[in-house]
Amino acid sequence: MRVSPVAVELGERFRAAGHALHLVGGSVRDALLGRLGDDLDLTTDARPEQVLAVVAGWAEQTWETGIAFGTVGVGKRGFKLEITTYRSEEYAPASRNPVVEYGDSLAADLSRRDFTVNAMAVALPDWKAADAFVDLHGGLDDLAAGVLRTPVTPEQSFDDDPLRMLRAARFASQLGFRVDPGVVTAMTAMAGRLEIVSVERVREELTRLLLGRDPRAGLELLVDTGLAAQVLPELPALQLEIDEHHQHKDVYEHTLQVLERAVRLEQDGPDLVLRMAALLHDIGKPPTRRHQPGGGVSFHHHEVVGAKMARKRLRALTYGKDVIEPVCRLIDLHLRFHGYGSAGWTDSAVRRYVTDAGDQLERLHKLVRSDCTTRNRRRAAALAASYDDLEERIARLAEQEELARIRPDLDGHAVMQLLGIPGGPLVKQALAHLLALRMELGPLPRDQAEAALLAWADAHGVKPEPPDADPDHG
């Protein structure tokens, strides 16, 4: 295990001031796994005001946003160190915020940590000393076994902070850890306790879970314990009953497969928007399910309904527009492609597909490909070949006319000048008509575009104003 020289320097300052300092929690876990980053968690017996005094003149930056919870943030040589006073925290029965009390014991501080793998500490600055490593709850053995247990009973731990139940699912996704059966039992029994946790904290844990290396594992744990019903009820709702007369694909299992396939298609690291769209792309199916005469099931317009449901849920989880808008657009468009092979799209239809996707086109490609989970190899191959063909057509059209930046052949200034009208609704209508022509016919020469505009103006009763007469030739 290696410890940053910055942390060692800080430990020397704390010792000189008469205080203890330990690397703790996830930082120790990650150091043992060989993946320690530049965000370090530390704990101390010093109170926040004493911490600020110790780092004064040494820290390049300090943050006091967490000081109410006993945490002082320090920046030094690219490292971010969060130094927290020994503490115990718990929730009052109906509170959304923890009640923080400072402690004087490292042992008590470690016992209030979420899981044993996060309840280990290393003394600073002498981290190489024989007694520097502190493991009072078997965290090292649990780390080696890849199992999540709590330092105290899981019931007590989750009662102190119910968010830890979500954190267990997050670690299953991020680290691939197995959750101890006793912990799963407590999560199931106490799922309703999560309702007292602020939605912002819930959102953060859900995001981290989705961005983990195995989000399926974390999501299945949420569903199996009933926690998903508190956080994302649309997910367990996908477990539709299937009877022998009205058979359809297992929508819940299909959704998890789509998510796994989307993860495999990522090229530049975890993509929250793509993963969220994959997770929510079929949530409109339960409310749109209809049994057909003679057997079979339909889900007409489930993409439209699903996009509306996703918008409502993501807003409730306090995600920003940077997530909500692209996710909903992807859900709304994810079925559009399925008319391509049978209907034989015109170039206009291809242009409209690209234009409607906008800057989400690459993600849409990944989502549509991921959505093909059929076990029929011939059908899977046909769908893949059909989408290959669509992408090739998009590429050819893009080379011809820079498809991603399609604009009307005349700009607003030209429209106003040619028709002799001021800016306003008429100009917008004229530009929309010219854009539709561009989508249908491709780029037009200037004279044809102007002729098309004049024809539209005549059909809509817009009489071009003649230019002002020159007074010298009147």
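This note goes through a few features of the structure above, point by point.

1. The model is a predicted one, in which local features need pLDDT of at least 70 and side-chain atom pairs count only at pLDDT 80 or more, while totals for chains, interfaces and linings use all residues. Residues are numbered from 1 along each chain as its sequence is written, and side-chain values use heavy atoms, with hydrogens and water left out.

2. The largest nonpolar core has 106 residues, and those with the most contacts inside it are Ile83, Met187, Leu219, Leu280, Tyr319 and Tyr353. Such a core is a set of buried Ala, Val, Leu, Ile, Met, Phe, Trp, Tyr and Cys residues joined through side-chain atoms within 4.5 Å, where buried means under 20% relative accessible area, exposed over 50% and partly exposed in between (1.4 Å probe, protein chains only). Helix H13 (residues 272-280) gives the most to this core, with eight residues; helices (H or I, at least four residues) and strands (E, at least two) are DSSP runs, numbered from the N terminus.

3. Ile83 is in contact (heavy atoms within 4.5 Å) with several residues beyond its neighbours within four places in sequence, among them Leu10, Phe14, Leu42, Val55 and Val74. A second, separate core has 16 residues, including Ile421, Ala430, Leu437 and Trp456.

4. Helix H18 (residues 347-357) packs with helix H19 (residues 361-370) at an angle of about 105°, their axes being 8 Å apart. H18 is therefore roughly perpendicular to H19, a term that covers angles of 65 to 115 degrees, taken between N-to-C directions on a range from 0 to 180 degrees, with axes fitted to C-alpha atoms over the stretch in contact. Tyr353, Val354 and Ala357 of H18 meet Leu361, Leu364 and Val368 of H19 in this contact. By class, it has six nonpolar, no polar and no charged residues.

5. Arg77, in the loop between strand E4 (71-76) and strand E5 (79-85), has a positive phi near 50° and is partly exposed, with a relative accessible area of 43%. His301, in the loop between strand E13 (297-298) and helix H15 (302-316), has a positive phi of about 65° and is exposed, with a relative accessible area of 56%.

6. Which peptide bond is cis? The bond from Leu124 to Pro125 is cis, with omega near 10°, and Pro125 has its place in the loop between strand E8 (120-124) and strand E9 (133-135).

Definitions and conventions:
Angles under 35 degrees count as roughly parallel, over 145 as roughly antiparallel, 65 to 115 as roughly perpendicular and the rest as oblique. Ala, Val, Leu, Ile, Met, Phe, Trp, Tyr, Cys and Pro count as nonpolar, Asp, Glu, Lys and Arg as charged, and the others, Gly among them, as polar.
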